[in-house]
Amino acid sequence: MIKYLTFILILFSSLVFGQQKYFIYFIDKGIDSKTILNKSSKYYNDALSNLSQRAIDRRIKNMGEEFINYDDLPIQDNYKEQLRAIGIKIIHELNWFNSVSAYLTNEQIAVVKSLPFVKSIEPVKKLYFKNPNESNSELFKINLGDSTINYGDSFKQLNLSDVPLVHSKGIYGNDIIIGILDTGFDWKKHESLKNRKVIAEYDFVFNDSVTANQTEDSPSQDSHGTYIFSLLAGYKDSVMIGPAFNSSFILAKTEDVRSETNVEEDNYAAALIWMESLGVDITTSSLGYNIFDSGYSYTYNDMDGKTAIVTKAAELAFQRGVSTFTSAGNEGNTKWKYIIAPADGLSIIAVGAVDEYGIRAGFSSIGPTSDGRIKPDIVAFGVNTFGAVAGTVNGYKLNSGTSTSAPIASGVAALLLSAHPYLNNTQIRSIILETASNSSNPNNQIGYGIISAKNAIEFPNLEKVNDGYVLHKTIFEKNINPQSVKVIFSWGDVIQEFAMSKTNEYEYSLTLQQSMIGEIFNFSIMYTDSQNIIHFMPEVGKYKFIYGSGIISLNLQISNPVSNYQVSDFFPNPFIPANHKTTRINFNSAGNELFKIAIIDASGQKVIEKNIITRDGENFFEWNGYSSQGYLCASGVYYALIQLAGKEYGKKLILLK
């Protein structure tokens with residue numbers, strides 16, 4: 001009986017693994033772009049039903065009320081049915097890419113390519129999985145005595161990023177959901193993980209809900225993921241502590257470490273789509289993709305933020321409000337030496353590794369990206385980090401690698417978001433880079449420097465409240481005079497002071513006067529301590545922000561609130577023709593592309609249409625509120641349908657008279 005079962009498994013393996021897995025991309029979703037704006041349509045509501053309320057709330061915070069776009073719409077059922085009818089078993093459905101993955105024979109490839117609804121077929125790349133540098137010895141718990149929090153051997157890895165200080169203020173990552181993409185998770189037995197709040201887990205290799213080792217797995221399958229989970233969230237007093245131990249977690253087993261199969265891109269993309277739909281706030285992956293088997297490899301030129309599937313998936317998650325983290329890669333001492341996908345992403349935070357003295361580890365991948373951007377973005381402790389051993393109840397070991405620094409950095413982000421839950425992911429990314437140790441002089445060795453939980457939480461930030469902003473400042477120092485905390489704004493030679501109100505033990509706030517979008521503000525914050533010594537923040541220079549962006553800058557270059565997007569929202573919005581003259585939308589282009597925009601009213605009637613051939617860089621379109629027939633349009637809600645570079649966008653605009 002056992003021999004028979006083994007024969008079946010071997011036969012199945014030869015049938016499946018003898019084939020190549022492919023992405024099958026479809027030409028469309030069987031509907032036109034207007035459907036995106038029709039909230040009563042079946043397609044829109046199908047997309048909406050795939051999102052948890054937590055995901056909807058996060059999207060609204062980051063995207064506004066128009067949070068469903070074309071990429072979210074489901075794949076056409078008829079297309080999938082026709083594939084199944086010719087014997088193709090779909091592995092993963094990737095709505096964001098309008099594609100599915102499936103194993104195909106050479107004969108099936110020819111048939112699929114001939115189908116009228118298929119746009120293209122591309123192989124799913126597979127990486128030979130690399131474990132981090134690992135010590136040979138296992139360590140077991142050492143009881144250092146009872147205390148509120150005793151970090152044991154994990155103290156150094158957290159202290160480098162000021163985590164213990166933040167923990168001492170009662171900030172532990174509460175009410176934040178973090179997703180981990182890795183090899184598997186043996187968390188239910190280990191003393192440091194068994195009481196963590198795991199709200200969902202899924203195995204994208206075998207398509208079931210078991211992320212710990214199964215019969216078909218390699219014995220070491222869940223070792224790496226368990227270790228990474230403990231670095232982020234472990235809690236065993238006097239032994240080891242993770243930075244975000246009070247957060248909730250979603251676990252995705254995406255990597256197959258058996259010798260005959262390897263890391264596959266579609267698993268990673270499918271896991272991100274799933275996590276986003278469940279309402280994840282932050283994702284972290286300690287995986288990297290560059291050299292693949294089957295002859296399909298990326299080159300350094302592909303590390304441009306827009307080529308690798310995993311990079312594009314991370315960017316799409318970021319667009320939906322998820323803060324994304326990944327290890328930079330352990331290629332620093334190899335011929336490759338550069339960061340690897342998805343660390344090349346524009347918005348993902350790529351994390352390099354340093355030792356306890358803040359010195360870059362030689363193995364830590366460097367930048368720039370092939371298109372010249374600084375990478376890694378930040379660094380964290382990654383040499384001889386202390387974490388849990390899978391398959392034990394109290395075993396621990398030391399590992400080195402950027403895979404060990406990424407979970408620490410994502411845990412710091414959870415502390416920041418837990419302290420300031422109104423922040424969107426663009427603000428989180430900016431704050432983390434601004435407050436890292438090298439932000440005034442970033443480079444391609446350590447990026448913006450060592451991430452700091454204290455500096456990030458204490459950095460001033462803006463909360464969007466209705467059509468205005470509230471300025472917040474956390475000050476962990478206790479010996480200050482609360483009545484002395486002031487914001488000092490400056491416009492040229494004009495200086496104004498405003499008192500901040502104390503809102504809790506460490507936080508002060510000021511409701512800002514409404515201003516015109518695009519107006520630049522410079523400010524500093526001052527207070528006096530118990531010795532009447534005056535303190536100014538920042539110590540050098542001034543904070544600055546552009547009204548409407550929500551981003552406060554010190555060392556980083558400030559930009560227009562629309563410049564971080566391929567197609568911006570309209571501004572001002574609402575739009576009053578008599579006051580504002582025009583409303584404007586900005587968009588970025590590679591040049592010589594067709595930009596098409598049609599503005600329609602609430603009844604579906606087109607009021608104006610415009611085609612523009614773009615120039616390289618930033619472009620714009622302005623509307624004065626008049627129709628193409630020359631009359632001033634009525635007050636109400638209008639929609640803009642936009643086509644640019646093969647993508648479609650929908651934007652909402654309110655016109656008032």
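**Strand partners and salt bridges**

Biologist: Which residue in β24 stands opposite Ser501?

Modeller: Strands are DSSP runs of E, at least two residues, and helices are runs of H or I, at least four, both numbered from the N terminus. Two strands pair if DSSP finds at least two bridges between them, and β23 gets 2 to β24, running antiparallel. Opposite Ser501 you'll find Ser509.

Biologist: What pLDDT do side-chain atom pairs need?

Modeller: Residues count from 1 along each chain as its sequence is written, and side-chain values use heavy atoms, with hydrogens and water left out. It's a predicted model, so totals for chains, interfaces and linings use all residues, local features need pLDDT of at least 70, and side-chain atom pairs count only at pLDDT 80 or more.

Biologist: How many residues apart are Glu276 and Arg58?

Modeller: They form a salt bridge, with closest N and O atoms 2.2 Å apart; the term means a Lys or Arg side-chain nitrogen within 4 Å of an Asp or Glu carboxyl oxygen. Glu276 sits in helix α10 and Arg58 in helix α4, so this one links distant parts of the chain, 218 residues apart.

Biologist: Is Glu458 buried or exposed?

Modeller: Glu458 has a salt bridge to Lys454 at 2.6 Å, and the two are 4 residues apart in helix α14, so about one helical turn separates them. Buried means under 20% relative accessible area, exposed over 50%, partly exposed in between (1.4 Å probe, protein chains only). Lys454, at 24%, is partly exposed, but Glu458, at 14%, counts as buried.
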